[in-house]
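Hi,

Here is the structure I promised to pass on.

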Amino acid sequence: MTQTVAVLGTGKIGEALLSGMIRGGRPPAKLLVTARRPERAAELHSRYGVEAVSNAEAAKRADTLILTVKPQDMGKLLEELAPHVPADRLVISGAAGIPTAFFEERLAPGTPVVRVMTNTPALVDEAMSVISAGSHATAEHLAHTEEIFGGVGKTLRVPESQQDAATALSGSGPAYFYFLVEAMTDAGILLGLPRAQAHDLIVQAAIGAAVMLRDSGEHPVKLREAVTSPAGTTINAIVELEKHGVRAALIAALEAARDRSRELATGNS
């Protein structure tokens, strides 16, 4: 907690990390933020009591830099930071698709870099943050990164070669569930329910199912079978899902997301 941490490009995810660190006991005096718009910087200062500085000032003063800008903006940010980042700074990237080597090539030799893919449930402290070490990052750097991201959910260490797959499953994952809830809500309306009632029924079913998956330790097949009675309503629905290739469509969708993550690493916007 004695180190200074700077969040650069503080959008929604960056703000979630900021608030999580403060709730975890890190004093605002040990936190710096940067933002593209002056009014955003003023808002963060007013809300959290943290100091808003320039990117260059953050690089000079902070022990850890968390880069939360969009992938297409990362190259420009690194050009701005490179003259001011000593090799002993820990650089944490939250940009989808960009490998740690991209940062190591543009910063001082030996700079430790950690790559993290988190997701939007960080806003409600239910994130899944997947962490990978660059070639110069140590176990201590990984533990420090886990401390920061653990304030907004769970963390998992994986080899960097698995980051694109983790991005497809976890980073983009919440959107798939929202898409499913949207479709099921439309189905509820078709079946005669008011939209608000259909929404409440589906959201609570989703919450209950997620808690059972997390806490029961049972395989999802076993949990599904517990709902699926012989010749009942559920098996009829499952048959239709299989007929329409929903399982195959989900697999193809996640492969497409993984491939897009790989494309981002090559600079294709």
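This is a predicted model: local features need pLDDT of at least 70, side-chain atom pairs count only at pLDDT 80 or more; totals for chains, interfaces and linings use all residues.

Residues are numbered from 1 along each chain as its sequence is written, and side-chain values use heavy atoms, with hydrogens and water left out.

Helices (H or I, at least four residues) and strands (E, at least two) are DSSP runs numbered from the N terminus. Two strands pair if DSSP finds at least two bridges between them.

The sheet is open, has eight strands and mixed pairing, and runs in the order β3-β2-β1-β4-β5-β6-β7-β8. Its edges are β3 (51–52) and β8 (153–157), each of which pairs on one side only. β8 runs parallel to β7 (residues 127–133), with five bridges joining them; Met128 has Lys154 in β8 as its bridge partner.

β6 (residues 113–117) pairs in the parallel sense with β5 (residues 90–93) over three bridges, and Ser93 stands opposite Arg115 in β6. Five of the five residues of β6 are buried (under 20% relative accessible area; exposed is over 50%, partly exposed in between, with a 1.4 Å probe and protein chains only). Val113, Arg115 and Met117 point one way from β6, while Val114 and Val116 point the other way.

Now the helix pairs. Axes are lines fitted to C-alpha atoms, for helices over the stretch in contact, and angles run from 0 to 180 degrees between N-to-C directions. α8 (residues 173–190) and α9 (residues 195–216) pack at about 135°, with axes 9 Å apart. That makes α8 oblique to α9 (under 35 degrees is roughly parallel, over 145 roughly antiparallel, 65 to 115 roughly perpendicular, and the rest oblique). Their contact (heavy atoms within 4.5 Å) includes Val181, Met184 and Ile189 of α8 and Ala198, Ile202 and Val203 of α9. The residues of this contact divide into six nonpolar, three polar and two charged.

α1 (residues 12–23) and α2 (residues 38–48) cross at roughly 20°, and their axes come within 12 Å. The two are therefore roughly parallel to each other. Among the residues making this contact are Lys12, Glu15 and Leu18 of α1 and Arg40, Leu44 and Arg47 of α2.

Finally, α7 (residues 163–171) lies across β6 and β7, at about 35° to β6.

Cheers

Note on methods. Ala, Val, Leu, Ile, Met, Phe, Trp, Tyr, Cys and Pro count as nonpolar, Asp, Glu, Lys and Arg as charged, and the others, Gly among them, as polar.
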